[in-house]
Amino acid sequence: MRIVLLGPPGAGKGTQATRLAQHFECPHVSTGDIFRANVLEGTPLGLTAKKYMDRGDLVPDEVVIAMVMDRLGAPDCEPGFLLDGFPRTVAQAEALDKRLAAMDNPLHAVLCFEVDDGELFRRLAGRSAELGRSDDGEETIRHRLEVYATKTRPLVDYYMHRGLLSMVDAVGHVQEVTERILEMLRVAAYRRNGGSKGNGGSKGNGAHSAVGAAGRSATPARRALR
Ligand code: AMP
């Protein structure tokens with residue numbers, strides 16, 4: 001599977017990406033994790049990225065795109081991957097499209113995690129206290145949410161128009177959210193394989209919705225992913 005996880009900081013993308021990567025036995029490619037590892041090691045990439053990360057700004061497109069293209073070229077990404085935190089701008093999405101089209105390996109799905117701002121703030125403030133992340137101070141959190149709204153949120157339209165987008169209600173127990181996502185992906189696979197449009201709770205706006213999809217018994221969509 002080639003999957004992109006979209007969503008604001010604090011929406012739980014990292015947690016779900018780890019679980020989904022285990023489920024699909026594919027690499028979890030998190031740009032935030034790669035940057036943090038480089039910052040810790042003091043590499044030139046880390047030194048460049050840190051300036052932006054500490055302010056809650058996005059690292060420039062050319063830096064991120066080069067890093068991700070390099071990572072996706074590794075042999076472990078050949079069968080599939082889970083992208084967490086990339087793309088975050090339209091320019092990044094276009095670069096990804098171009099690369100995947102050249103390899104004739106299109107994306108299977110884009111999942112956009114939805115959590116309201118109040119809950120995001122609570123989660124990020126909790127994470128700040130727990131992990132001491134330098135980009136989780138109150139002002140920086142506010143700025144990161146603004147950056148998401150202006151630079152990344154437009155990707156919802158971008159992927160909706162390509163018929164790849166599924167909106168995921170990311171509030172709830174971790175396992176419950178994982179089940180919603182897996183059901184969502186089953187529905188998407190079923191559609192790709194020519195199934196009917198009746199399954200999966202489409203909102204009728206071009207996006208599919210995972211809300212309330214968990215826990216249903218075996219459907220054709222569920223079987224399609226097996
Ligand atoms: P994350 O852990 O995904 O929230 O990422 C932490 C920080 O790394 C972000 O606030 C950005 O400064 C930087 N970053 C991660 N991914 C990207 C990206 N795709 N484009 C630009 N900056 C990124």
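Let me begin with conventions. Residues are numbered from 1 along each chain as its sequence is written, and side-chain values use heavy atoms, with hydrogens and water left out. As the model is predicted, local features need pLDDT of at least 70 and side-chain atom pairs count only at pLDDT 80 or more, while totals for chains, interfaces and linings use all residues.

On confidence, pLDDT is the predictor's confidence in each residue, from 0 to 100. The chain average is 86, and 83% of the residues score at least 70. Residues 197–205 fall below 50, and beyond near neighbours in sequence this stretch has 15 contacts in the model, a contact being heavy atoms within 4.5 Å. Residues 210–226 are also below 50, with 34 such contacts.

I turn to the ligand. Around the ligand there are 16 residues, counted when one of their heavy atoms lies within 4 Å. Of these, T31, R36, D57, G85 and R144 come nearest. Which residue places a polar side-chain atom 2.8 Å from an oxygen atom of the ligand? That residue is R144. A backbone N or O atom of G85 is 2.8 Å from a ligand nitrogen atom, and a polar backbone atom of V59 is 3.0 Å from a nitrogen atom of the ligand.

Next, helix packing. Helices are DSSP runs of H or I, at least four residues, and strands are runs of E, at least two, numbered from the N terminus. Axes are lines fitted to C-alpha atoms, for helices over the stretch in contact, and angles run from 0 to 180 degrees between N-to-C directions.

Helix α2 (residues 31–41) packs on helix α4 (residues 61–72) at about 100 degrees, with the axes 11 Å apart. The pair is therefore roughly perpendicular, a term for 65 to 115 degrees. T31, I34 and F35 of α2 meet V64, M67, V68 and R71 of α4.

The axes of α5 (residues 90–102) and α8 (residues 154–161) come within 10 Å and cross at roughly 30 degrees. These helices are therefore roughly parallel, which applies to angles under 35 degrees. The contact involves V90, A93, E94, L96 and D97 of α5 with L155, Y158 and Y159 of α8.

Finally, the backbone. The peptide bond from F86 to P87 is cis, with omega near 0 degrees; P87 sits in the loop between β3 (81–84) and α5. E25, in the loop between α1 (13–24) and β2 (28–30), has a positive phi near 55 degrees.

Key. Parallel < 35°, antiparallel > 145°, perpendicular 65-115°, else oblique. Polar contact = N/O pair within 3.5 Å; in protein donor to acceptor, adjacent residues only side chain to side chain.
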